[in-house]
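The sequence and the model are shown first.

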Amino acid sequence: MPDFDPYDSLVPVFVETEIPKRVHQIGTAIFREFWGEPFLITVAHVTDELSNGVLLVPTVQGLSPIDGYMAYIDLPPEVSRREDNVDVAYYRLSSEFAAQLSYHFKPLPQGRGEIIQSALELTVCSASGYPASKGKKNDQTYSSEIFSFRGVAARLETYDQFGLSPEQSIIIHFHKKRAVHPETMDTFPTPSLKGSSGGGIFAWPPGAELSDDWSLPRLVGVIHSFKEKDGLIIGTTLVPILAAIGLGRLKKFGGIQ
């Protein structure tokens, strides 16, 4: 689908809490098809917020609670989420809810993703999501704005420095203070990446590193953290997500249809 805009598949995620009583944006999710079934892919530190409130996304009915089977890769009791180098979660959406979500968004077709053997294959990637600072409320209407952060894929020494595996993790160099506009190459202020967690990492093919043709990049991973001091965006490849979904299929996704 060369005319498909992958931005259409990125969804802002909000949480509604009772104490304090409010709704605010906390992350991003990827609306994605696997084997003809609808999913929202995000990160576990976003779904962890279910202990504090209800997760909402924009649908034809406004901000609505996500309806589906939720799963994430669990951690040993002695390991905190801050130490989680995988940090992925997903919803297998009910068919009815996926139809409601499709009012604003389009699921990324399975053919627009790529299972990479190693992140060392990558050259330039865009990390795309909804920064929380772009979230706005006007009366009872909530809105947000998508943003992409493009940078050079890290080499092996960076993975070794942080004890990460390029077979499972993706690291992108991105320094906010050095960011430039891709068309003018002038210094360009960018928002904080907070809220972009759960968004997509899209790999640009060799020779198209500075292109703005979004029919070219393929989804290769999910953003989970930003080390601003080190100028690094870190995410997870699609392999752990597919493994988690495979386990969910064995459980028949809790009976979700």
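Strand β13 (residues 200-204) is mostly covered, with five of its five residues buried; buried means under 20% relative accessible area, exposed over 50% and partly exposed in between, using a 1.4 Å probe and protein chains only. Strands (E, at least two residues) and helices (H or I, at least four) are DSSP runs, numbered from the N terminus. The model is predicted: local features need pLDDT of at least 70, side-chain atom pairs count only at pLDDT 80 or more, and totals for chains, interfaces and linings use all residues. Residues are numbered from 1 along each chain as its sequence is written, and side-chain values use heavy atoms, leaving out hydrogens and water.

**Orientation and pairing of β13**

- In a regular strand the side chains alternate between the two faces of the sheet.
- G200, F202 and W204 point one way from β13, I201 and A203 point the other way, and all are buried.
- Strand β8 (residues 124-129) runs antiparallel to β13 and is joined to it by five bridges; two strands pair if DSSP finds at least two bridges between them.
- Within this pairing, S126 stands opposite F202.
- Strand β14 (residues 218-227) is also antiparallel to β13, through four bridges, and V222 in β14 is the bridge partner of G200.

- G199 lies in the loop between β12 (169-173) and β13.
- G199 counts as buried because its relative accessibility is 0%.
- Leaving aside residues up to four places away in sequence, G199 touches T28, I30, S128, G221, V222 and I223, where contact means heavy atoms within 4.5 Å.
- The C-alpha atoms of G199 and G248 are separated by 21 Å, and the two residues are 49 residues apart along the chain.

**The seven-stranded sheet**

- Seven strands form an open sheet with antiparallel pairing, in the order β5-β4-β1-β2-β3-β7-β6.
- β5 (62-65) and β6 (68-72) stand at the edges with a single partner strand each, so one side of each has no neighbour in the sheet.
- Neighbouring strands of this sheet are turned by 35° against each other on average, direction ignored.
- Strand β4 (residues 53-59) pairs with β5 in the antiparallel sense over four bridges, and V57 stands opposite S64 in β5.
- Helix α4 (residues 238-250) packs on the sheet, touching β2 (22-34), β3 (37-42), β6 and β7 (89-93), and its direction makes about 130° with that of β3; axes are lines fitted to C-alpha atoms, for helices over the stretch in contact, and angles run from 0 to 180 degrees between N-to-C directions.

**S9, in the segment before β1**

- S9 is placed in the segment before β1 (10-17), and S9 counts as buried at 0% relative accessibility.
- The side chain of S9 reaches the backbone oxygen of P6 at 2.7 Å.

How values were computed: Polar contact = N/O pair within 3.5 Å; in protein donor to acceptor, adjacent residues only side chain to side chain.
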